[in-house]
Amino acid sequence: MEKKSRISRRKFLAVSTGAAVGGVAAGAVVGGLAGYFLGSSQAAPAVTRTVTSEVTRTVTGPGATVTTTVQAPAKRLKVGYIYVGPVGDYGWTFAHNDGRKFADTAYKNVDSFYIESVPEAQSAGAIESLINQGADLVITTSFGYMDSTAEVAAKYPDKYFVHISGYRSGAAGNAPQNMSSAFAEFYQLYYLNGLAAGAVTQTGVVGYVAAFPIPEVVRHINAFVLGANYAYKKRTGRNIKAYVSWLFSWFDPGKAREAAVALIEQSNADVLAFTEDTPTTLQVAEEYTTQKGRRVWSFSHYNDMSSYGPNAHLTGQIVHWGPIYLDFYRMVATGTWRTVDIWTRIGDYMPYRWRRSPEQSTAGQVDGTLQLGKLNPAIPSEWQLEIKMRYEEMKELLFEPFSVDGNLGEPIRDQKGEVRIKGSERADRDMLWNMDWFVEYIESELPR
Amino acid sequence: MMLKLEKRGQFSRKFSAAVTVIFVAASFLVAGLIFEILGVRAVDVIARLFEVYLSERTLLEAALRGLPLGFAALGLTVAFKMNFWNIGAEGQIYLGMVAATGVVLLHAYYGLVPDFLVLPLMVVLSFLAGGLYCALPAFLKAKLGVNEILPTLMLNYVAYHFVNYLIHGPWRDPKGFGFPLSIVFPPYARLDTVLGHTAYIGVPAAFIIAGLLYGFIMYTPAGFEMRVLGQNYEAARYAGVRIGRTLLLGSLIAGGLAGLGGLTIVAGILGRMRPPSAYVGYGYTAIIIAFLAALNPWLAVPAAVFFGGLLVAGDVIQATLNLPFPAIQILQATIFLMIILGEFFKRYRLRVVI
């Protein structure tokens with residue numbers, strides 16, 4: 001009995017003093033942190049609030065006798081998004097969040113909300129949180145969410161799901177009918193970047209900082225190198241040389257920096273393309289150009305990153321997910337849902353997809369889901385015209401990078417010398433989706 | 001006038017509980033203050049947090065997210081009790097995943113055993129794989145006196161790249177369009193098919209293990225040796241504790257439980273193996289969980305579920321209140337910081353010296 005000591009007043013006081021002191025200290029630290037985030041985060045909730053109040057006002061107008069609990073006349077659409085990174089990553093997730101804002105602004109009668117930085121292993125629960133929050137449509141924006149999206153879709157057959165960058169959908173026959181998949185495909189833009197690279201390279205060597213050795217990245221590398229070879233060979237008669245450095249991560253600025261420096265220093269590359277979610281590679285190119293007296297070029301990836309390397313920015317690949325999202329909003333809201341497997345290329349979601357003359361080309365403007373980055377004036381004007389011509393041709397699918405045409409009339413061979421594309425062939429979707437070989441101009445090996 | 005820290009003597013359970021309650025309450029105050037600054041009603045945020053533990057769906061989700069952490073933390077309570085600073089739960093979790101996935105792949109391609117034996121085999125082998133991976137640095141410590149912290153830590157990277165190799169190479173799903181994924185586990189190799197939800201089988205199993213561990217540490221000679229070893233290495237040696245044997249046994253248990261954590265990830269949550277970038281450092285978080293549980297096996301599972309609930313609450317709060325992810329991290333960090341401060345003030349008192 002006696003051994004169990006009760007809490008004495010003194011102890012209690014000591015403890016609560018400790019708690020108070022600790023609380024104040026922690027409060028100071030954490031408060032400082034909160035202050036730091038204040039600027040960026042206060043804007044979002046504020047905007048949402050004004051929108052809601054506007055709706056209430058418009059609704060209370062017609063309902064004279066009804067109390068203030070009137071609902072909006074048409075059911076307000078609710079859309080939830082799952083993001084893999086923070087919305088401020090200035091890469092992949094930033095672009096998706098831009099797409100969300102675009103679709104919301106265009107559609108108006110919608111409330112959208114999102115959960116960011118969701119790890120793959122926790123995505124199923126996050127998706128269910130959105131459903132619980134009343135979402136009619138859930139859009140999951142990373143490859144790693146594919147299985148969990150299909151799983152939750154099977155559990156909620158009256159809700160709709162869109163997964164970005166995967167291969168499971170009702171349309172493809174490997175997911176429930178209420179699941180669609182969508183992707184904005186870059187290989188055409190990478191080819192155009194390659195043309196720009198081949199037009200400016202002095203060393204005849206291009207580098208690629210690559211995320212994962214998966215078909216998506218492999219076809220982008222191949223397209224880039226094919227384009228670079230096209231321009232470089234036409235200029236000099238020699239083949240381009242290309243080196244690839246793998247990060248095994250989508251987001252790793254530290255490794256990307258090391259890889260970019262190695263490609264410049266060891267491989268003598270002077271144009272660097274990349275698949276990584278930050279502007280790091282472009283920043284490295286900028287440093288070499290402005291501080292180390294060595295001209296190195298790089299690109300925009302997913303967003304216009306030109307401000308990160310004003311002197312090193314050649315062009316780039318930029319995406320606008322908004323039109324795709326808007327399409328799904330409309331389908332869900334109007335009850336015209338159909339499971340689809342969308343793979344947008346240049347020309348898709350454009351109101352006007354006829355080919356224009358190179359002088360009137362919309363290359364570089366916001367048009368459809370894919371945008372070519374600003375063309376640096378350092379690209380010789382004949383190559384600027386050639387790039388624009390190819391862009392315009394691709395709107396009508398008159399030109400395909402993975403064709404003999406895209407390789408100066410030569411068949412496309414892999415590293416072993418095996419002919420992969422010849423005659424009038426074009427890479428079909430199956431070949432693009434399963435691409436596991438490098439074109440002959442690449443010196444690095446493809447890890448298996 | 002100055003402040004002085006003094007060590008307290010023994011303290012009772014009631015005292016300990018009271019301190020924890022006070023500090024958790026304080027953490028809500030501090031977090032609430034931050035949310036008020038961010039322009040959100042603190043009451044809303046904290047209400048969302050509590051709702052997570054009250055609804056069946058979110059509680060199950062919290063348990064699911066906490067399970068891998070719970071198993072790994074259970075193992076760590078053993079390791080830390082004997083002063084074996086295992087930072088390698090991450091790697092041991094990977095090895096557990098590898099073993100579990102290996103069984104599924106072998107069975108899928110060659111059909112080793114009847115289907116119903118696959119899951120038990122996965123359990124045994126993932127335990128062994130994680131355990132042996134942890135026993136390796138324990139062996140180095142016992143035989144050569146190598147400090148375990150660096151080897152356990154470095155082996156995490158070895159395991160990371162091993163998983164990366166397997167998933168980009170031989171274990172890649174041939175029908176997966178080249179994406180780094182294993183095949184989807186068939187139903188008989190998944191934990192959620194046993195009782196309908198992974199948590200229904202995982203949480204009771206974790207509690208049974210906690211009970212066994214508690215009994216083992218408190219009432220068996222081997223457990224006693226571990227405690228002695230943890231309290232004073234020299235004294236333990238002098239008293240004739242078989243140090244090598246004790247270290248190996250303890251590390252086998254510690255790593256083995258982390259390996260089971262790996263099993264719950266692939267067979268319970270994901271349903272297939274993914275590249276290591278998908279797994280968000282469970283092994284490191286488990287260290288926090290183990291200390292949150294004050295190295296008490298009984299508390300490891302509730303602590304893990306509590307943490308899982310914080311993760312779920314993070315999603316709910318983001319979705320409902322439009323708060324950015326860093327705000328959620330601040331909430332989680334504040335709660336953890338205060339609990340750990342509470343642990344500190346259980347052991348020390350602050351005195352004003354004039």
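Tutor: What follows describes the cores, with Leu323(B) as one of the residues picked out. The model is predicted, so local features need pLDDT of at least 70 and side-chain atom pairs count only at pLDDT 80 or more, while totals for chains, interfaces and linings use all residues. Residues are numbered from 1 along each chain as its sequence is written, chains are lettered from A and ligands numbered from 1 in the order in which they are written, and side-chain values use heavy atoms, with hydrogens and water left out.

A nonpolar core is a set of buried Ala, Val, Leu, Ile, Met, Phe, Trp, Tyr and Cys residues joined through side-chain atoms within 4.5 Å; buried means under 20% relative accessible area, exposed over 50%, and partly exposed in between (1.4 Å probe, protein chains only). The largest such core has 122 residues, and those with the most contacts inside it are Leu74(B), Met122(B), Met273(B), Tyr279(B) and Leu323(B). Helix H3 of chain B, residues 56-81, supplies the largest share of this core, 14 residues. Helices here are DSSP runs (H or I, at least four residues), numbered from the N terminus.

Apart from its neighbours within four places in sequence, Leu323(B) is in contact (heavy atoms within 4.5 Å) with Phe35(B), Leu38(B), Val40(B), Val45(B), Ile317(B) and Gln318(B). A second, separate core has 98 residues, among them Ile139(A), Tyr167(A), Val206(A) and Ile221(A).

Back in chain B, Asn83(B) lies in the loop between H3 and helix H4 (89-110). Asn83(B) has a positive phi of about 60 degrees although it is not a glycine. Asn83(B) counts as partly exposed because its relative accessibility is 32%.

Note on methods: Helix = DSSP H or I, 4+ residues; strand = E, 2+ residues; numbered from the N terminus.
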